[in-house]
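Colleague: Could you walk me through this one, starting with the charged side chains and then moving on to the sheet?

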Amino acid sequence: VLEYSRIERREKEFRFTSCDMEDVVREAVRLFEEHNRFDPREIEINSAQHISKIKMDRTAMVELLLNLLSNAAKYSSRDKKIAVNLRESIDDICVEVVDRGMGIRKRDQKRIFDKFFRADDYLTREIEGTGLGLTFARYIAKVHNGDIKVMSQVASGSTFTLLLRKTHVLAE
């Protein structure tokens, strides 16, 4: 909430440096596992190729990934496995966070990135949250010349995909 407040007041500063996305993902997973050591999740990191270094604010990107991992854990009580897939195409670097949780209704998928939006159904009523996490994550993605997309099906899980355009962000 405090970080989002800084963003709204335009006080959040980003410091871009050359970073390895695989290292950033591993750091986010390590921090997530450390924070959730009493409710562990099996997290599998998959990368079929070497990923180019890009310029990013490492701390902000770790925050974004922690948010996606936390949501995957919160909404996946029956199956604790989370997959993080990394790949690179000609135009993008892609990080997917995949869970096998309760999924998101089609009508809510466009709104989940709206500030304070919380899906209101019997499955999510008991889950704590502010409705700011995905708004904050998408903002960070946009600052990095990217976006976050969701694909989800109720009772089958969700895939949140961070796409970072390589235009202007490839590191030397």
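Modeller: Gladly. A salt bridge here is a side-chain nitrogen of Lys or Arg within 4 Å of a carboxyl oxygen of Asp or Glu. Lys 142 and Asp 147 form one, at 3.5 Å from N to O. Please keep in mind that this is a predicted model, where local features need pLDDT of at least 70 and side-chain atom pairs count only at pLDDT 80 or more, while totals for chains, interfaces and linings use all residues. Residues are numbered from 1 along each chain as its sequence is written, and side-chain values use heavy atoms, with hydrogens and water left out.

Colleague: Which residues are linked with Lys 142 and Asp 147 in a network of salt bridges?

Modeller: Arg 138 and Lys 149 join them in that network.

Colleague: Are Lys 142 and Asp 147 buried or exposed, or something in between?

Modeller: Buried means under 20% relative accessible area, exposed over 50%, and partly exposed in between (1.4 Å probe, protein chains only). Lys 142 is partly exposed at 47%, and Asp 147 is buried at 7%.

Colleague: How many salt bridges does the structure hold?

Modeller: It holds 13. One of them joins Glu 88 to Lys 166, at 2.8 Å from N to O. Glu 88 sits in strand S4 and Lys 166 in the segment after S7, so this pair ties together parts 78 residues apart in sequence. Glu 88 is buried at 15%, and Lys 166 is buried at 14%.

Colleague: Now the sheet: how should I read the strand labels, and in what order do the strands lie?

Modeller: Strands (E, at least two residues) and helices (H or I, at least four) are DSSP runs, numbered from the N terminus. Two strands pair if DSSP finds at least two bridges between them. Here 5 strands make an open sheet of mixed pairing, in the order S2-S4-S5-S7-S6. Its edge strands are S2 (42-47) and S6 (146-153), each pairing on one side only.

Colleague: In what sense do S6 and S7 pair?

Modeller: S6 and S7 (residues 157-165) are antiparallel over 8 bridges, with Gln 153 opposite Gly 157 in S7.
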